[in-house]
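Please look through the sequence and the model below before reading on.

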Amino acid sequence: MALNHLLRPLLCRSLVRQVRSPVLAASRISAPLLCPDTTCYPAACTRLYATKKAKANAKGQAAKVNINSSLVEDIINLDEVKEDMTTILSTLKDDFTRNLSIRTSPGALDHIVVTTEDGKFPLNQLGQISMKSPQLIMVNMSSFPEATEAATRALRESSMNLNPEVDGTIIKVPVPKVTREHRENLTKLAKQFSNKAKDSLRKVRSNAITQVKKAKEGHSKDTIRLVEKQIQQMADNIAVDIDKHLAAKTKELLG
């Protein structure tokens, strides 16, 4: 009985503290009721969150695919797809060189393509190009006089803003002054060439993906998905190169 009289006040004080402070009671671990003044707190728990940069890096790493082409050659020839995409980039470079030159030198006309009955030829293979003066380029067509008219048309229809004049087998090409307007027009043409290249790139990618989808039977979904990702990755890389060449050419044209 004496012991009960001693314990009862202690039990009551402990219960009152827990009722008055429910938040505190929920956030700590209480010691036995016989020792109400002694409390033990749990260790703090910290939740770690990935940063945006870490998530982006992880996503980029997960997206990269590098499939051995020989392992999926029964699905599609990845080397041929890559070659087709690379050809598009090479064609763009040729278009930039051939049609977007603002140099006032004989070499500026070298890549102008002349269409004849026998095929297409660079101007410098049909005529002898020389600089008569800083304001005049001469094209001697005596070796292929029959191509004089076609060469004149090619010069006039080029994007170099040329107005050639014919004197027998000699084509006189006055060198126009390079104005700011002309430079800006060339940058617009460069953009058109790059858009055309991207359209061709999308067609190659789409045709390749279609071919892969047709090979679903006999292959796992994961394999098909990885091949599709590889093709998309190849196309993305070429698209980046197209943008880089466009940026460089634009900077060159605007001066």
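Which residues have the most contacts inside the largest nonpolar core? They are Ile75, Ile76, Met85, Val227 and Ile231, in a core of 32 residues. A nonpolar core is a set of buried Ala, Val, Leu, Ile, Met, Phe, Trp, Tyr and Cys residues joined through side-chain atoms within 4.5 Å. Buried means under 20% relative accessible area, exposed over 50%, and partly exposed in between, with a 1.4 Å probe and protein chains only. The elements that give two or more residues to this core are H4, helix H7 (180-214) and H8.

This is a predicted model, in which local features need pLDDT of at least 70 and side-chain atom pairs count only at pLDDT 80 or more, while totals for chains, interfaces and linings use all residues. Residues are numbered from 1 along each chain as its sequence is written, and side-chain values use heavy atoms, with hydrogens and water left out.

The protein chain has 8 helices and 8 strands; these are DSSP runs, numbered from the N terminus, with helices (H or I) of at least four residues and strands (E) of at least two. Of its 255 residues, 29% count as buried.

Take helix H4 (residues 78-99) next. Its axis lies 10 Å from that of helix H8 (residues 221-254), and the two pack at an angle of about 10°. Axes are lines fitted to C-alpha atoms, for helices over the stretch in contact, and angles run from 0 to 180 degrees between N-to-C directions. H4 is therefore roughly parallel to H8, a term for angles under 35 degrees. Among the residues making the contact are Val81, Met85 and Leu89 of H4 and Ile231, Met234 and Ile238 of H8. Contact means heavy atoms within 4.5 Å.

Leaving aside neighbours within four places in sequence, Met85 is in contact with Leu201, Val204, Arg205, Ile231, Met234, Ala235 and Ile238.

Glu80 is also found in helix H4. Why does Glu80 count as partly exposed? The reason is its relative accessibility of 48%. Glu80 and Ala208 are 128 residues apart in sequence, yet their C-alpha atoms are 9.9 Å apart in space.

Ala151 is one of the buried residues of helix H6 (residues 148-157). The buried residues of H6 pack against strand S3 (113-116), helix H5 (123-126), strand S7 (165-167) and strand S8 (170-174).

Technical notes. Parallel < 35°, antiparallel > 145°, perpendicular 65-115°, else oblique.
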